[in-house]
Amino acid sequence: MATRQHWSTRLAFILAASGSAVGLGNLWKFPYITGTYGGGAFVLVYLVCTAIIGFPVLISEIFIGQKAQTNVVKAFEENHRRYSPWRIAGWMGLLSGFLILSFYSVVGGWVLDFLLRAILNQFAGHSGAEIETYLESLFSNAWRIIIWHFIFMALTITIVAKGLNKGLERLNNLLMPSLSVILLFLLVYSFFLPGFGRAVGFMFVPDITKLGVEGILQAVGHAFFTLSLGMGVMVTYGSYLSENESLPRVAGNVTVLNTLIALIAGIVIFSIVFSYGGEPAKGPTLMFQTLPVLFSQMPGGYLVAIAFFLLAGFAALTSAVSLLEVVVTYWEETHRKSRVGTALICGVTVALLGVLCALSFNLLSGFKIGGLTFFDLFDTLTAQLLLPLGGALISLFFGWVLGSQAVKVITGKPITNLFSQVLLWTTRAIAPLFILVMLVYKIMQG
Ligand code: PHE
């Protein structure tokens, strides 16, 4: 088999891993769940979960991949033994990859649709009521929603087909810095808005009345989703990391960057919301209904709207390629097929599966499994079951099977060292326990 490609530099890895982590989870989901669960208190719990669960599990995932230098299923065999039962975590990861990408790409398509509307100046000069109908009119038009989803998937497939260095690495090298520049521009802009102070207060002054158990569990789940954990993206990306990189350092960079971007996105969005009388607890439509209405009322709103949807599009694309990469690497290595052919086969399969999600808003809206449309089913199944379960398995595998040996290699310190102990016991017990509590609670809720 041809020798495996590797990231050209450490920075390339950090940009790609951050590109995967920073996505719609940061720009769309994080602000709206923060709004729903009352702001500061939720942010605090989320930060704690990121530090004590997300960060250690991220290190373990990258380590498993880096050591095995192979795809997400075989990585468990390489690190353990042939036919290791732990490879079930790899299978779950592949399944999650298919399911997440199929609905993620549909939302990516909405972003493209709104980007086009922003460019065509369809917000300014239109009434709020009219702008609010844009999302519904997109939903009710099956062709439109499917075509945007296909366009988004075509972009994703093209990049993955080009391979690691010419595809994923180049994309992230270009988009991640651009994304940061756009976000900083938006931050500076929001600094001058009247609602900036209130937004910062909302995000950082804890008010626990709206948090509740539900909010805490959402924070645990989101810590996984936003760092792309629990399904082998970081195992796969880690498998292209050749040198003896210091994992706490690279994982730390990725965690900090991802968290910063989520927080800045939150500040920007809530500054706009508070300045123009929006409602922070609007839920999932915050980005697609509330914001466009506010863009239409803001000075310079035309540019801000374009910048915002461009940012969301970049973030979505760099995450989507990481999802497809997991599946493609596996297929390519097990079936020894060409990269282009594999990217096409896997990508088209996801695209077709995604049609079910796209139709969940129109033709198939009445078709429900367990009370959920395909879109909601795939979202719920992955974010609330497969990712946490996969994360728990990976964490247990790292903590118990690889154990102190791996921890010592990673920290470069004896096992009695505080950081070594923290890494060992978060992966052995704390992270899996949090996940278990979350799953039991969900099941009891029905
Ligand atoms: N982390 C991405 C986001 O925040 C989503 C994602 C989850 C990507 C799992 C890959 C794997 O949008």
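The largest nonpolar core in this structure has 168 residues. The residues with the most contacts inside this core are Trp7, Phe13, Trp110, Met287, Phe288, Phe295 and Phe309. Helix H14 (residues 301–335) gives the largest share of the core, 20 residues. The model is a predicted one.

Take Phe295 from that list. Beyond its neighbours within four places in sequence, Phe295 is in contact with Ile272, Gly301, Val304, Ala305, Phe308 and Phe309.

**Ligand site**

Which residues are the closest to the ligand? They are Ala21, Gly25, Tyr104, Phe225 and Ser228, out of 15 residues that surround the ligand. A polar side-chain atom of Ser228 lies 3.0 Å from a ligand nitrogen. Phe225 uses its backbone: a polar backbone atom there is 2.8 Å from a nitrogen atom of the ligand. Asn26 faces an oxygen atom of the ligand, with a polar side-chain atom at 3.4 Å. Taken alone, the ligand exposes 320 Å², and the protein buries 100% of that.

**Salt bridges**

The structure holds eight salt bridges.

| Salt bridge | Distance, N to O |
|---|---|
| Arg4 and Glu333 | 2.7 Å |
| Arg339 and Glu325 | 2.9 Å |
| Arg117 and Asp113 | 3.5 Å |

Start with Arg4 and Glu333, whose side chains meet in a salt bridge. Arg4 lies in the segment before helix H1 (10–21) and Glu333 in helix H14, so the pair ties together parts that are 329 residues apart in sequence. Glu333 has a relative accessible area of 15%, so Glu333 is buried.

Arg339 and Glu325 also meet through their side chains in a salt bridge. This pair links distant parts of the chain, 14 residues apart: Arg339 sits in helix H15 (residues 339–358) and Glu325 in helix H14.

Arg117 forms its salt bridge with Asp113. Both residues are in helix H5, four residues apart, so about one helical turn separates them. Arg117 is buried at 8% relative accessible area. Asp113 counts as buried at 0% relative accessibility. A network of salt bridges links Asp113, Arg117 and Arg144.

**Two buried polar residues**

Ser105 is also found in helix H5 (residues 87–119). With 0% relative accessibility, Ser105 counts as buried. What does the side chain of Ser105 join in a polar contact? The partner is the side chain of His149, at 2.7 Å. Not counting residues up to four places away in sequence, Ser105 touches His149, Phe152 and Met153.

Thr290 lies in helix H13 (residues 290–297). Its relative accessibility is 8%, so Thr290 counts as buried. Leaving aside neighbours within four places in sequence, Thr290 is in contact with Gly278, Glu279, Lys282 and Thr285. Thr290 and Leu175 are 115 residues apart in sequence. In space, C-alpha to C-alpha, Thr290 and Leu175 are 26 Å apart.

Definitions and conventions. Residues are numbered from 1 along each chain as its sequence is written. This is a predicted model: local features need pLDDT of at least 70, side-chain atom pairs count only at pLDDT 80 or more; totals for chains, interfaces and linings use all residues. Side-chain values use heavy atoms; hydrogens and water are left out. A nonpolar core is a set of buried Ala, Val, Leu, Ile, Met, Phe, Trp, Tyr and Cys residues joined through side-chain atoms within 4.5 Å. Buried means under 20% relative accessible area, exposed over 50%, partly exposed in between (1.4 Å probe, protein chains only). Contact means heavy atoms within 4.5 Å. A residue is near a molecule or strand if one of its heavy atoms lies within 4 Å of it. A polar contact is a pair of N or O atoms within 3.5 Å; within protein, one must be able to donate a hydrogen and the other to accept it, and residues adjacent in sequence count only if both atoms are side-chain atoms. Accessible areas come from the Shrake-Rupley method with a 1.4 Å probe; for residues, only the protein chains shown count as cover. A salt bridge is a side-chain nitrogen of Lys or Arg within 4 Å of a carboxyl oxygen of Asp or Glu.
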